[in-house]
Structures are given as C-alpha cells and as structure tokens.
Amino acid sequence: MRNRLVLGNWKLNGGLTQNSVLLAQLASKIIFNQGRKEQACGVCVPYAYLSQVQTLLTNTSIHWGSQDVSRFESGAYSGEVSASMVAEFGSRFALVGHSERRAIFGDTDEFVAQKFGAAQRAGLMPVLCVGETLEERAASKTGEVVVRQLNAVIAAYGVAALQGAVLAYEPVWAIGTGKTATPAEAESVHQYLRRYVANAESAGSVKVADTLPILYGGSVKKSNAAELFAMPNIDGGLIGGASLVADEFLGIWASL
Ligand code: PEP
C-alpha cells in the first residue's frame, strides 16, 4: 500500500490574514481517521509563514513544510534557510527541485540532490520535483530528463534514500499554464519513473519502488483531479494555484 498525498505549493503568495482564513477553511474540512489513514494532506508555504502555519495547523490533520531548503547547513550564506531551521517549525515536508527553482534560481541537478540530502538529514520528507520542458517533450526527451534529475539523487545517496521520500512529476509546460497532462500522458511517465527505481534497486536489498509515492503536478484542479488520481501510478497531486482557493483545494483532496 502506498501513501497518497495532496500537497499545496503556495509559491510566493500569502499574507497573515489571508493565510488564516484559508487554513481555517481547510482545517475544518480535512479531518483524518475517517477510514483514510494512508492519505495525507499538506501545504508548502513561504518560510516567513512557517511559524504562523505551525500555530494554526498543530493538532489538525494538515501537515506543512517549505518550498525549498538550503543545500548548506549553516554559515556565511546570507539569505539562505537551512533544512534544520525549517524542521524546527514542526514541518513535515520540503520541496526540492521545483522547476521554478531550477529555471529561475539556477538549481542544478547536483544542487537539488544536495538539498534532498539536507532535508532528509534534518528529518524532513523531501519531495523531489522532476519534469521536462515543452521543447524536451517535443524532442521525445521526457524520460531522459526526468531520469537524469532523479538519478542525481540516486547517484549521491543511493536508491535507499528514496525510502521516506516523495517524487513529484511536474511537466514544466503544465505548471501554472492551465495545460494539464492527460491522465494517460502522466501515467506513462509515472510508470517509467517507478520502473526506473525498481531496476535501480534490483541489485541491492532495498525495495522502495512499490511504496514510493509519485505525485502529479501541473494545473491540477478539482475538475480534473479525479481522473488523474484514478491512474494506478499517480498517488496524489502537488497543487500550485488551486491550493490558494479553499473550494478548489478541498475538491482536489476529496478526489484523492
Ligand atoms: C506547482 O507549483 O508545483 C504547480 C503544480 O503549479 P500549478 O498547479 O499552478 O500548475
């Protein structure tokens, strides 16, 4: 049995008042231990709101985390926030390798792998985001790209490091564009990634491919979530824009 998750990524959005309104709406409806124990829900928020979110979500069924972590632990790295600092606020998750970090802030595969390791060492569950651009898809390079991004982590820490982690397939052309991969398109990449992990682990003793949650992200809405989540290798979603609208996020959660 694989854990199924819906995670919100607020990106660079929010404000103290609007966060508390949104979180109150979500926390009143998302309640565990109603026969959905293997399912989890979380929000990945700007660092500045971790304290507020910890206050508002402690003792609710919603977890929280950050959208990135530093690849460094401490020292002369002005502007950085370490994974252990994120963990101090009761965070459960940290996104690493979001395509916006890769494209806008220069996160290379190696940096992302280092961030993955930093998150894991701090006790956070890394959510490793992978995905191809439109040009890469057009050039039939989707598999090559997502495996290269995943492999940076496997090369650095071994396939066993994926235990307790989450993978998120987010085609760059679908993020914030309103274009969603069809369920069949997404499923074929998820299946490819799971097979790749299974092959990578066959030499060793660790078995993570069957239990690794692989989320889909890219313009998921309440109107298309159910058909995506119905695919056998799609274990939930990483939700950007729609995670800021209570009715949308709740509808997506209900589709899990
Ligand atoms: C994201 O930011 O990870 C994302 C999937 O965004 P959106 O849902 O807005 O496409």
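**Figure 1. Helix H4 at the largest pocket.** Helix H4, residues 99-105, contributes four residues to the lining of the largest pocket, the most that any element gives. The model shown here, as in every view below, is predicted. The space inside this pocket comes to about 470 Å³. Its lining counts 19 residues, and Leu12, Gln67, Asp68, Arg101 and Phe105 are the closest to the pocket centre. Sorted by class, the lining holds nine nonpolar, five polar and five charged residues. If you like to think in probes, rolling one the size of a water molecule over the atoms shows where empty space is left.

**Figure 2. The second largest pocket.** Here the volume is about 270 Å³. How many residues line the second largest pocket, and which lie nearest its centre? The lining has 21 residues, with Asn3, Leu5, Ala40, Met125 and Pro213 nearest the centre. Eleven of the lining residues are nonpolar, six are polar and four are charged.

**Figure 3. The shell around the ligand.**

**Figure 4. Polar atoms facing the ligand oxygens.** In the side chain of asparagine 9, a polar atom sits 3.1 Å from an oxygen atom of the ligand. For histidine 98, an N or O atom of the side chain is 2.9 Å from a ligand oxygen atom. With glycine 240, the backbone supplies the polar atom, which lies 2.9 Å from an oxygen atom of the ligand. On its own the ligand would expose 300 Å², and the protein buries 96% of that area.

Figure 5. Lysine 11 has a positive phi, near 55°.

Figure 6. Stepping back, the protein contains ten helices and eight strands. Its radius of gyration is 17 Å, close to the 18 Å that the globule rule gives for 256 residues, so the protein is as compact as a globular protein of that length. Along the principal axes, the C-alpha atoms fill a box of roughly 45 × 45 × 35 Å.

Terms used. Residues numbered from 1 in each chain as written. Predicted model: local features only at pLDDT ≥ 70, side-chain atom pairs only at ≥ 80, totals over all residues. Heavy atoms only, no water. Polar contact = N/O pair within 3.5 Å; in protein donor to acceptor, adjacent residues only side chain to side chain. Areas by Shrake-Rupley, 256 points an atom, 1.4 Å probe, with all protein chains shown as cover. 1 Å grid on protein atoms, 1.4 Å probe; cavity = no way out; pocket = protein on both sides within 12 Å on 5 of 7 lines; lining within 4 Å. Points joined across faces, edges and corners; volume = space filled by probe spheres on them. Helix = DSSP H or I, 4+ residues; strand = E, 2+ residues; numbered from the N terminus. Nonpolar A, V, L, I, M, F, W, Y, C, P; charged D, E, K, R; others polar. Rg over C-alpha atoms; globule rule 2.2 N^0.38 Å.
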